[in-house]
Amino acid sequence: MNAIRVDKVSKRFGQKQALSSVDLSISAGEMVALIGASGSGKSTLMRIIAGLEHNEQGVGRVEIFGKPLQVGGKLDRNAREMRREIGVIFQQFNLVGRLPVLTNVLTGLLGRIPSWRGTLGLFSRAEKALAREALGRVGIPEVAWQRASTLSGGQQQRAAIARTLVQKAKILLADEPIASLDPSSARRVMDLIAEINRTDGITAVVSLHQVEYARRYCARTIAMRDGVVVFDGPSLALTNDFLRELYGTSSEELILPDAQAEPARDLKPTRDIAAELRALSSAWHTA
Ligand SMILES: Nc1ncnc2c1ncn2[C@@H]1O[C@H](COP(=O)(O)OP(=O)(O)OP(=O)(O)O)[C@@H](O)[C@H]1O
């Protein structure tokens, strides 16, 4: 069964054609890498699959487990429910820095509990136990009560993965989850995604800058250039020579080893905890 089906999806931002008639299908349980140089359209495609961005009006279709999520640029009326099935992790700004890690993980429940409970941050003992269990599973049980802003970049990504476990997402869309991490944290995050893909059968799509990680972790890679899919097949077929053929000079961006690790940018506290929860809860319930 297809977990994700993308049919003739296009997206334009002003003069920029970010995606041009993209077609792809991803089976339930696959772990697929999405690679491409900067600006090739990976994030836009991920956001459209997550229902966070509208596809170009009048054309194209995105289906999740056989049901339409958006058609011709309009979200289906069941889109909000369908988005519960999709966990999204970004390169940065995954967590609300001012909130404890446990509360951040609990926000994975916002799509499943009544909005008033989310707004007030009223989580049951069982829900908190579930969140603690998820933090244990991702290897950071000890940080549950720390502010998220105090975590390292790798820990933040693992907490974001714990949130998708609590969400009981069936699809994980990870948009450059390791781009800001040093190589050993990057491997730990990729190991974790691979482990939940294998053990829980979560369908995973991971966008990556470096092809090395695609070859190591994903049987299949989808490669994009200028908003078009230019390769869709076995990751091992993506030799450096083939990448040079596909991308010309911009292939260096994909082949070079990871750049020096950058510390994850600090998440700036902006509002008080109750306001953060209200905002998160209403974002879920109005989307
Ligand atoms: N909100 C936006 N407004 C205007 N242009 C946008 C917007 N989002 C993306 N773009 C443009 O669309 C193109 C594709 O961007 P996208 O972020 O999807 O690429 P990407 O492959 O994810 O790049 P990167 O690896 O740098 O994140 C780029 O030219 C980008 O500048």
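Which residues surround the ligand? They are Phe13, Lys16, Ala18, Gly36, Ser38, Gly39, Ser40, Gly41, Lys42, Ser43 and Thr44, where a residue is near a molecule if its C-beta atom, placed from the backbone, lies within 6 Å of it. Residues are numbered from 1 along each chain as its sequence is written. Please keep in mind that this is a predicted model, in which local features need pLDDT of at least 70 and side-chain atom pairs count only at pLDDT 80 or more, while totals for chains, interfaces and linings use all residues.

Let us look at that shell by element and by class. Strand E2 (16-27) and helix H1 (42-49) each bring at least two residues to it, and H1 gives the most, with three residues. (Helices, H or I with at least four residues, and strands, E with at least two, are DSSP runs numbered from the N terminus.) The shell holds two nonpolar, seven polar and two charged residues; here Ala, Val, Leu, Ile, Met, Phe, Trp, Tyr, Cys and Pro count as nonpolar, Asp, Glu, Lys and Arg as charged, and the others, Gly among them, as polar.

Now step back to the whole chain. Its domain assignment, automatic or from a database, gives domain 1 (1-83 + 211-257) and domain 2 (87-209 + 267-287). Their C-alpha centres lie 23 Å apart. The contact takes 25 residues from domain 1 and 19 residues from domain 2, with two residues in contact if their C-beta atoms, placed from the backbone, lie within 7 Å. On the domain 1 side, the elements that each supply at least two residues include H1 and strand E1 (2-13).
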